[in-house]
Amino acid sequence: MATVVYFGALREIAGAKEQETDADTVRALLKQIKRQYGGDAYRLAKRSHIIVDGKNAALTGGFSTALHIGSTVQLLPVCGGG
Amino acid sequence: MKLPMYALFDLSAGTIADYPIDEDLFRQYLGGKSLAARLLYDLSPPGADPLGPEAVVIINTGPMNNTGAPSSSRFNMTFKNVLTGGIGFSNCGGTFGFMLKRAGYDGLIFKGQSHTPLCIEITDGEITVRDAASLWGLDAEQTQQRLPQAYGKLVIGPAGENLVRYACAVSGERVAGRGGAGAVLGAKRIKAVIAFGTKKAEVHNKEKFDKYVAKWTKFLKGHPMTGESLPAYGSGGLVNKANASHALPTRNFQKGYFASADEFSGETLAYTKLTRNSGCISCPIRCERRVRVGGREVKGPEYETLGLFGANIENSSLALINEINYTADILGLDTISLAGTLAFAMELNERGLADFGVSFGRTDNLIDVIYRIARREGMYAELGEGSKRLSEKYGGAAFAIHAKGMELAAYEPRRSVGMGLGYAVSNRGGCHLGGGYMALLESVGVIAMDAQTPKGKPEWTVLMQNAMDAASSAGFCLFTLQTFVPAFLYKTGPSSKINAIAGKLLVGLRWFIGKLSAISPGGLFFNSKYLFPHSEAIKHATGLRMTTGRFLEIGERGFNLERLYNLREGLSAEDDALPERLTRTRQDAYSPDTVVDMETMLPVYYKVRGWDRKGVPTHKKRRKLGLL
């Protein structure tokens, strides 16, 4: 099992900071979120920064990035600043 | 064409004179930091003491202030940097710039030094200099409460009066934070500058301007960054992403990850402390956070303050950060340099090099220490000198986290190496904004540019610096630049294939990006809402033949002139550097690329800039920019 950590509005929707997941890729995790919480949550998750074990999933295979036993996936809202 | 009118104050002689800006200067520099750099270069003698009577301080606006263009209420201060000895500039929101323009002046130039505290009042073109002895000693909030409510105000607190090197100037609850803007006013005994006026801005082509402003405002409101993210979480929304990327400075930049970061993140602030969000005049973004401190609603902290008074000193209390932010503001202290200096002092203590009574994780005495720094009491006076000077006395240069003498912002550059280059080459010292803010493309933004590769970073840094300087010179907030990242990339998501391709393209296009300066302005003869919407708005407001290329050239000219000022004041290529911790010590011992590779990036940066190997703008570059 991997652990998914929610931030921002996703945390509000999920009602939890962390959850266990048996998804084996980021894509499978997103589908799981869609089934569990609906389309809005799916869109929020897809548009999040997805960090798998401290690495930006965008640079490690995108939505195909593998999740392993003990992996931690962080879903963070895209923000700006300066 | 309406040309800017400045007022020149000689505080030693007690004279005031109008100082009109001619058309040539206006065309070349517009206003704000670029025009102020020209004035500082021309009006101040080389080698002047930044706190002496010969120093020149400029407070100015840009042509877009008071026009109603979106996010155009920013004003600028330019002066000799009290921390670095080079150029100092600081940009501030709020109402002062708007009111100064309405009062009939585009800028104020101060030279000389008063022996008594002054309040400068500008009311509809009339300038009055009043005694401010009764205000001296008051904090920034108390001072402003005693001044007429309707006026735009710029004041200093005790830190400015006591010449703390990183004292800021305060306008409402906004600050001109960096480089000692408050100290240079304090040295001149200027406690307050206030302005009120009823004059509306003259816009060259009102019909086209109004139409374009409406279109641009709609675009900003509809863009995911300026219409959703910044209003929802403010800049503090970056805390968790920076932390997840190991780019959140922790324990004086020893690490980039802090386990408790979420406790002071923008999301936590939004859900637990936010009373409402707010914004500057004419700004549709409304990024400002409002929070409660001591039962009163005040401005909340920005990302830099959250990161540096959170992870970097190992504090996880958001309530305390809110209190520190408020305290620093009313005392007139730049939170970035203050926090950086405190973190350095904590590490000095940890290593047994010096004990200022501060240590990582200890928070019970921080507010007291901050008050003592502002008052320069006892040993705390040394903390008011900044981390560079502390390291010269007590050692620890390798971990004194500054560039040119000014402390770094809250992006750990070993996880955003282009931001590291930017810190090193920023004209005012360790500043993310003066450095081109590559963190947006590398570590916290929606495009997945490889944060660790040095490839492409010099080229993009030059482009970003030029664009940011141009926007600032016109009077715009830099947040308006963040819409150049296309909205659809937010919808596809940062982890999508298309965003990954975009990230690779940023690196792949480096040759072309590096040539943009060479082909500007002629090669970029268009304006686009999707790239830099500012240029079209400037064109309609001023009547100048403004294009994207000319817009970027104004930024490039200003940046190069600031560089020439730095060189004249004794800075050199040796000062384009970072402390050894960031360039020699891997953040991750197993990842060789988690250092800032200055040896690779700096020569490329100089070449793209059109500078020689010693970082001096070449004759060809100076001729192109009219800087001979």
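A salt bridge, as I use the term, is a side-chain nitrogen of Lys or Arg within 4 Å of a carboxyl oxygen of Asp or Glu. Please keep in mind that this is a predicted model, in which local features need pLDDT of at least 70, side-chain atom pairs count only at pLDDT 80 or more, and totals for chains, interfaces and linings use all residues. Residues are numbered from 1 along each chain as its sequence is written, chains are lettered from A and ligands numbered from 1 in the order in which they are written, and side-chain values use heavy atoms, with hydrogens and water left out.

Over all chains, the search finds 41 salt bridges. One of them joins the side chains of B:Arg251 and B:Glu350, at 2.1 Å from N to O. Where do the two partners sit in the chain? B:Arg251 lies in the loop between α9 (238-244) and α10 (266-272) of chain B, while B:Glu350 belongs to helix α13 (residues 335-350) of chain B, 99 residues apart. Helices here are DSSP runs of H or I with at least four residues, strands are runs of E with at least two, and both are numbered from the N terminus.

Next, B:Lys299 and B:Asp329 form a salt bridge at 2.9 Å, N to O. This pair also links distant parts of the chain, with B:Lys299 in strand β15 (residues 296-299) of chain B and B:Asp329 in helix α12 of chain B, 30 residues apart. Are these residues buried or exposed? B:Lys299 is buried, because its relative accessible area is 10%, and B:Asp329 is buried at 10% as well. Buried means under 20% relative accessible area, exposed over 50%, and partly exposed in between, with a 1.4 Å probe and protein chains only.

B:Glu297 is partly exposed, at 26% relative accessibility, whereas B:Arg290 is buried at 7%.

Now to the surface. B:Ile501, B:Leu505, B:Leu509, B:Trp511, B:Phe512 and B:Ile519 make up a nonpolar patch with about 620 Å² of accessible area together. Patch residues have over 30% relative accessible area and no salt bridge; like charges are joined within 9 Å, and nonpolar side chains (Val, Leu, Ile, Met, Phe, Trp, Tyr) within 5 Å. The areas come from the Shrake-Rupley method with a 1.4 Å probe, and for residues only the protein chains shown count as cover. Which element gives the most to the patch? That is α22(B), with three residues. B:Ile501 is placed in helix α21 of chain B and counts as exposed, at 51% relative accessibility.
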